[in-house]
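Let us walk through this structure one region at a time. Keep the 3D view open while you read.

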Amino acid sequence: MVDLANVINDRLEVKVKVPDLGRKELKFFMPEIIPGTYSIYNFGRFVSGFKALSADGKELPVTRADTNTWIIKDAEKLSLISYWVEDTWDTEQKHNPIFEPAGTAIDAGKFYLLNHGAFFGYFEGYKFNPYKIIVNRPASLYGATGIHAITSSQQADTFHLKNYDELIDSPIFYAPPDTISILVGNARVLIAVRAPGQKITAKEIAGELKPLLMAQKEYLGGKLPVNKYAFLFCFASETEGLSGASGALEHSYSSVYFLPEMRLTEIKQMLRDVTAHEFFHIITPLTIHSEEIGDFSFNAPRMSRHLWLYEGCTEYAASHVQVRGGLISTDEFLETIRNKMVGAMSYNDTLPFTVMSLEVLTKYEKEYANVYQKGALIGMCLDILLLHHSDGKYSLRDLLRDLGQQYGADRSFKDNELFDLIVSKSFPEIGVFLKKYVAGNKPLPFTEVLALAGIDYRDEVTVESFSYGGMSIGYNPQSGKLVVMGTSGMDDFGKELGFREGDELISFNKSELTLNNVKAVLEDYMTNAKEGKKLKVVVSREVDGRNKKVKLKATIRKVRITEKHILFPMRDMSPKRERIRKAWLGGVK
């Protein structure tokens, strides 16, 4: 039981009524790690004041064995344990911050994010016992979740979970109600929003996401593998959160989002991309997974070899569904692919993806984010190769559908047998690709694979072109400004302008730059640039410990630019390539 009204120093008390387990000694664990995350978080470090009580209220002997483990003596007398849980969004423990969608938020009377891995533990040997959770709450707050309450009143909600795995898979957030429910095929989809600045609403998001969700339904064959789903959007103020990241975490029937609060017009494409990714996780790994995920070990984690499947193919599908559904153009899709090729250059391309996956918690932790770059490109190559060898009749979607039908949420495959399974449902050549480029150390064969679908690929092209500097641009959610993230690839024109890492971009030839208009402003400049004219940019730069506006200017001229990973549709191609490209992209738009 958790009482949301009883908040002391950003902490909530948890009380667990324990049935008679007939044991003289019990070990109680808080998780080291939870599914969907690839870092050791040690949730026990946010627990304090742990007590074990008998039925008559007497304290039983308790030893804290390590950060996440408590040993209870005389446990045959145990009736209740209680402890306090700290808010991970706002904690003094700055080291190894919890990624916000996996953590806890405790804002007394206003907002609570209950990720149960941070609130509840399990007894050794009893992870598969059922759980009943009671949450006492203010009447003004609504509990949004992907699960159903078995009872609900003005003061409390009660939930029944079949085991600890299902409990961890079922986050709840409590906030003033801003929700909307839409029907997507056979599934009822809840959209719940917490936006402290009221810049964005559930109704607005539903209008933006419904075409995407309909496209995802069709992408999956017209029927979704779930009957209910909840998008839990936690939009954050500038001061909230410690990880410095934004993003989301997937669950079987929901996903939790931690995003900077902005108007819909400023973040709609980002919303599409991140929600498409998380929603597709209902296929991998929630429906198709190895034993390491199906029987997840919260305190002695075992990693799977197949992050290329769980995260990479999911990331690929999140963009692929948009081009097939007509939500983005072919050119926009190819630009997304190109950006992933460029992004993958920051990682070790000779490191086998299966090896990285197995050791992602330790040796190769810094390589993890490549799942969203090279991992997605593996998915693209696999999709094209499947279409090529089947003459357009069998795709990655078909393969995943077949694997899902054979296995499903309650049945796991053996990790070292996946490649053979895939070959049994496809072609021997697919096995060669997987062994050489996923389990092997060879760079992905972009030229050969993309040509099969009528796409020309050039590793590098040098041209004379106008430029806006060649620096890499990111976004600072704290200031709401675009920022120069890197200058290592900056060209001569950028050097003449004088950009520095950390510069926040304010205006570009008198046009204010925002996340929403940056693409249009830069495209307009590149289209209409004329030699001899001036480019004037205003940035905010730290000078002597203070942020000052600095004006940069240079005479516009063409410079030699070496562009990496150039893709463009072939004009003249064979009938087969035409068929494969149409089967892949749904026709050229």
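In which loop is P285 found? The loop is the one between α4 (264-280) and α5 (291-294). Before going further, note that this is a predicted model. P285 deserves a look for its backbone. The peptide bond from T284 to P285 is cis, with omega near 5 degrees. Most peptide bonds are trans, and most residues other than glycine have a negative phi.

N42 is not a glycine, yet its phi is positive, about 55 degrees. N42 sits in the loop between β3 (25-29) and β4 (47-54). Its relative accessibility is 23%, so N42 counts as partly exposed. D74 is another case: its phi is near 50 degrees, again positive in a residue other than glycine. The loop that holds D74 runs between β6 (69-73) and β7 (78-86). D74 is partly exposed, because its relative accessible area is 32%.

Now turn to the charged pairs. The model has 20 salt bridges. One of them joins the side chains of D165 and K127, at 3.7 Å from N to O. This pair links distant parts of the chain, 38 residues apart. D165 belongs to helix α2 (residues 164-168), while K127 is in the loop between β10 (122-123) and β11 (131-136). K127 is buried, because its relative accessible area is 11%, and the cut-off for buried is under 20%.

A second bridge brings together the side chains of R194 and E240, at 2.8 Å from N to O. R194 lies in strand β17 (residues 187-194) and E240 in the loop between β18 (228-236) and β19 (247-250), so this bridge ties together parts that are 46 residues apart in sequence. Are its two partners buried or exposed? R194 has 8% relative accessibility, so it counts as buried. E240, at 18%, counts as buried too.

R401 has a relative accessibility of 41%, so it counts as partly exposed.

Next, take helix α16 (residues 575-585). Which of its residues are buried? Among them are I580, R581, W584 and L585. Why do they lie on the same side of α16? They do so because they cover an arc of only 110 degrees around the axis. In general, an α-helix has 3.6 residues a turn, so residues three or four places apart point the same way. On the other side of α16, P575 and K582 are exposed.

K393 and I580 are 187 residues apart in sequence, but 9.0 Å apart in space, C-alpha to C-alpha. K393 has its place in the loop between α9 (374-389) and α10 (396-406). With 64% relative accessibility, K393 counts as exposed, whereas I580 is buried.

K536 lies in β26. Its relative accessible area is 47%, so K536 is partly exposed.

Conventions:
Residues numbered from 1 in each chain as written. Predicted model: local features only at pLDDT ≥ 70, side-chain atom pairs only at ≥ 80, totals over all residues. Heavy atoms only, no water. Helix = DSSP H or I, 4+ residues; strand = E, 2+ residues; numbered from the N terminus. Buried < 20%, exposed > 50% of the residue type's maximum accessible area, 1.4 Å probe, protein only. Arc of directions from axis to C-beta. Salt bridge = Lys/Arg side-chain N within 4 Å of Asp/Glu carboxyl O.
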